[in-house]
Amino acid sequence: MVEYNDLIFEISRSGRVGYSLPKSDVESIDLQDRVPKHLIRDEAAELPEVAELDLVRHYTALSNKNHGLDNGFYPLGSCTMKYNPKMNEVVARLSGLSRIHPYQPIETVQGALEILYNLQEELAVITGMDAVTLQPSAGAQGEWTGLMMIKAYHEQKGEKRTKVLVPDSAHGTNPASASVAGFNTVTIPSNENGLVNLEELKKHVDGDTAALMLTNPNTLGLFEKEIAEIAEVVHEAGGLLYYDGANANAILGKTTPGSMGFDVVHLNLHKTFTGPHGGGGPGAGPVGVKEILIPYMPVPRVEKDGDQFVLNSNCPLSIGRVKGYHGNFGILVRAYTYIRTMGNVGLREVSEGAVLHANYLRKKLEPYFESPYSQICKHEFVLSGSRQKKLGVRTLDMAKRLLDFGYHPPTIYFPLNVEECLMIEPTETESKETMDAFADVMIQIAKEVEENPGIVLDAPHTTVIGRLDEVEAARNPILRYTKEEAVLEQGKEIVKA
Amino acid sequence: MSNTYRYLPDTEQDKKEMLELLNMSSIEELFADIPSELRLKGELNIPEADSEPTLIKKMKKLAARNISADQYPTFLGAGTYDHYIPSVVDHMISRSEFYTAYTPYQPEISQGELQAIFEFQTMVSELTGMDVANSSMYDGFTSLAEAASLAVATTRRSKVLVSKAVHPESRAILSTVSKGQGYTVEEVSLAIDVTDLEELKQQIEKDTAAVIVQYPNFFGSIEDLAEIKKIAEEKGALFVVSSNPLALALLQSPGKLGADIVIGDMQPLGIPMSFGGPHCGYFAVKQKYMRKIPGRIVGQSHDDKGKRGFVLTLQAREQHIRRDKATSNICSNQALNALASSICMSALGKHGIRQMAQRNFDKADYMAKSLGKKGFNILNKSAFFNEFVVELPCSVKEVSSKLLEAGFIGGYDLSLDYGFDNQMLIAVTEQRSKEEIDQFVEVLEAVVNG
């Protein structure tokens with residue numbers, strides 16, 4: 001394949017267009033007559049000028065330099081890179097769903113509201129909660145929404161609690177969301193089994209504790225067996241329990257955060273419920289709550305009044321709005337389509353498959369890597385590259401070596417409490433053969449580390465580009481294209497040649 | 001026996017072999033660590049699975065219960081617009097190398113996405129006249145709240161002034177966010193259709209972190225950013241402008257008019273209305289705030305052989321590094337929609353975007369004039385882009401339902417958020433033909449006279 005490294009601005013040629021608008025059927029106004037001169041643009045924005053085929057070739061070439069889930073196995077821990085069903089894409093693009101305006105009269109969007117209402121109801125069942133809001137755009141926004149509700153709940157009781165407890169294995173967004181919601185974070189260390197240290201927890205829980213945020217199974221893929229006791233400790237002190245649903249793929253139809261004692265839950269629909277990740281988004285992060293928190297839920301709420309679906313914003317104790325309109329509707333439609341495709345039995349089988357796959361792969365790899373928590377895991381597991389590190393090869397190097405074999409590497413260096421961590425989540429949608437092939441490559445890399453470490457240290461060898469200098473990028477940030485910079489770049493190319 | 005679910009590949013034989021390696025006889029053993037009292041008894045109380053053909057039918061039926069812009073010409077705007085989206089946009093974002101990828105944490109196999117974001121950042125910088133743009137935000141509304149938080153954190157001041165001519169949902173979200181972060185928000189009242197600058201001068205003080213306005217504002221009117229900048233600057237407050245990127249094709253860039261932060265939503269450029277989401281917020285700043293910008297940013301770098309490439313950069317700002325010290329918790333963004341917008345902007349190009357923006361000016365002007373000729377009062381005193389406010393002799397709700405009967409989606413009811421009875425905010429994009437506009441005006445005339 002011919003290498004293609006141009007930016008869209010570099011293939012731009014003055015006069016080319018990639019659009020067509022109808023001839024104007026009304027008189028054109030002269031802005032000079034209307035708009036004060038200083039508010040009229042004096043220099044056109046330098047957007048590229050390309051014909052449609054140039055455009056198509058450009059973005060096709062870019063896509064060829066991108067690894068998606070459809071290209072190959074993507075065992076990125078905590079991200080639940082499961083198959084993104086094509087049918088969901090078809091449904092979300094139906095014009096009755098994609099070409100409707102959020103402020104249309106309520107009687108013209110009954111189908112859309114019915115989807116939202118049904119999704120709320122089904123997610124409430126799946127999480128064991130009493131009500132669900134679909135507004136938050138992503139997991140982190142869901143966390144913040146949940147914490148704002150917790151804050152409002154305590155304040156309504158006349159209490160100003162400032163502390164949110166977070167285990168050391170938590171996702172980075174947990175403490176960040178707590179901070180943005182105005183709480184102080186206290187980190188709770190894990191015990192030697194990788195679980196919440198109940199004794200440590202008890203030391204920190206007091207009348208100032210607003211909530212404990214927990215992922216269960218946690219980021220090590222381990223189920224917090226003492227969750228009932230943990231919940232009791234927090235509840236007794238008047239605090240609430242927040243469930244980070246990033247790992248919900250492990251528990252569908254097996255247990256619910258509600259039965260574990262959680263009061264608030266967010267789900268990442270782009271993880272567990274197949275909304276595609278889109279290269280970083282859009283996602284959707286619905287939040288479920290127990291009855292005590294219903295008054296504080298964001299507005300508007302989708303409700304059913306007789307056989308009509310309505311929007312209710314008349315909720316005096318609500319924390320208010322958290323997101324524009326009705327949440328990321330397109331992603332919600334995809335998730336609903338997925339849930340309807342799997343049904344009650346199917347969702348249970350999803351989690352069974354996810355857990356079976358994670359344990360199978362763990363067992364296959366354990367002889368070759370340190371396994372700090374060698375026990376039954378849920379949907380994901382962690383390995384440590386500490387054995388390889390002693391031989392001079394780091395986890396990062398092994399991750400880069402995986403690229404040569406067409407795999408997206410696992411999540412690395414997270415959670416923070418595992419040295420040289422590799423966090424692997426195969427998901428239920430991958431076949432046994434795919435996992436076997438991946439395991440073979442991992443084992444081969446482990447052998448290479450012992451016999452021929454250079455090949456791992458210098459990896460990747462087959463990608464379109466080698467390891468990039470991240471220090472250069474951060475020290476001398478070039479964050480946009482400029483002609484001047486492009487000329488400099490060309491100069492470098494010529495010197496090299 | 002064959003499998004039931006098309007997304008689950010395990011056959012009975014597969015399961016058996018995997019369990020054998022685990023030395024187990026059933027999958028149940030893998031769930032033994034969940035205490036039995038927490039276990040669900042029976043199946044989830046939701047309906048059974050639907051087959052693909054059945055579900056497609058059901059979803060089409062639900063979709064058919066909505067009235068789409070394909071069926072009824074729409075004159076609704078108020079932050080979300082029915083614009084032309086070149087076919088090429090959806091085709092290119094449907095390449096699954098893009099839409100099934102995660103955040104580009106492994107740059108060697110993510111150059112496509114990273115370069116696309118770098119190009120997006122460039123286009124946003126160009127339109128806004130700012131130095132740096134990030135890779136996208138949830139939407140324009142949440143972007144505005146993040147801008148306010150940035151201003152508060154940077155200036156260490158505790159008050160934010162926001163014009164009432166800023167979208168009501170932006171203000172509502174700002175209000176929610178401010179409660180978490182502990183700053184106060186004051187609204188600046190209107191001088192008819194624009195921000196009241198005299199009021200602003202009265203309200204601004206040395207504890208004001210930011211002055212936030214919208215351009216064009218919620219009523220479609222074009223605020224005088226130069227004047228507002230002077231007022232903000234005098235008190236050392238950051239100047240935050242929420243802007244419609246399509247309008248920026250013809251309006252002076254907020255950057256040139258002194259904005260410190262420019263935010264907004266890319267929806268008008270390549271993103272379907274989709275009942276309000278997902279859209280795509282953008283966030284652009286002056287150079288000096290580069291290291292404070294929330295969300296992900298892509299930068300240019302080189303590999304070990306000196307070849308140009310792109311990486312996520314300045315990550316020290318981000319939630320996963322800063323954890324409890326973070327001032328923003330944004331993680332996922334709207335990358336795929338940013339890509340859609342980039343493709344749309346590339347298709348339109350330097351001239352097309354101006355032509356499209358001009359067409360919006362023209363169509364709205366034509367409609368306002370037509371209504372004026374019929375005796376309707378247009379309330380905008382300033383120049384407007386593709387939206388304006390018309391006064392009706394009766395409630396908007398009443399008129400809207402009559403319009404609906406006639407096959408039109410009417411404008412936005414300003415009695416809702418502003419208490420302005422009998423005032424309709426009408427949007428006219430390049431999508432509306434002269435014929436549709438004429439018919440709408442006729443119906444409106446008949447309705448109010450009828």
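Two residues are taken to be in contact if their C-beta atoms, placed from the backbone, lie within 7 Å. In the predicted model, A:Ile29, which lies in the segment before helix H1 (31-34) of chain A, touches A:Arg34, B:Phe361, B:Asp362 and B:Asp365, residues up to four places away in sequence not being counted. Because A:Ile29 has 17 C-beta neighbours inside 10 Å, this residue counts as partly exposed. A:Ile29 and A:Glu49, 20 residues apart in sequence, are 25 Å apart in space from C-alpha to C-alpha.

The domain assignment of chain A gives domain 1 (8-64), domain 2 (87-342) and domain 3 (352-457), and the centres of domain 1 and domain 2 of chain A, taken over C-alpha atoms, are separated by 42 Å. Helix H13 (residues 395-403) of chain A is mostly covered, with 8 of its 9 residues buried; among them are A:Met398, A:Leu402 and A:Leu403, as well as A:Asp397 and A:Lys400. The buried residues of H13(A) pack against several elements of chain A, including helix H12 (386-390), strand S12 (421-424) and helix H14 (432-451).

In chain B, 7 strands form an open sheet of mixed pairing in the order S1-S9-S8-S7-S6-S2-S3, whose edge strands, S1 (132-133) and S3 (184-188), each pair on one side only. Strand S2 (residues 159-163) of chain B pairs with S3(B) in the parallel sense over 5 bridges, and B:Leu161 has B:Glu186 in S3(B) as its bridge partner. Helix H9 (residues 225-234) of chain B packs on the sheet, where H9 touches S6 and S7 of chain B and its direction makes about 175° with that of S6(B).

Terms used
Residues numbered from 1 in each chain as written. Chains lettered and ligands numbered in written order. Predicted model: local features only at pLDDT ≥ 70, side-chain atom pairs only at ≥ 80, totals over all residues. Domains from an automatic or database assignment. Buried ≥ 20, exposed ≤ 12 C-beta atoms within 10 Å, placed from the backbone. Helix = DSSP H or I, 4+ residues; strand = E, 2+ residues; numbered from the N terminus. Pairing = 2+ DSSP bridges. Axes fitted to C-alpha atoms, helices over the stretch in contact; angles between N-to-C directions.
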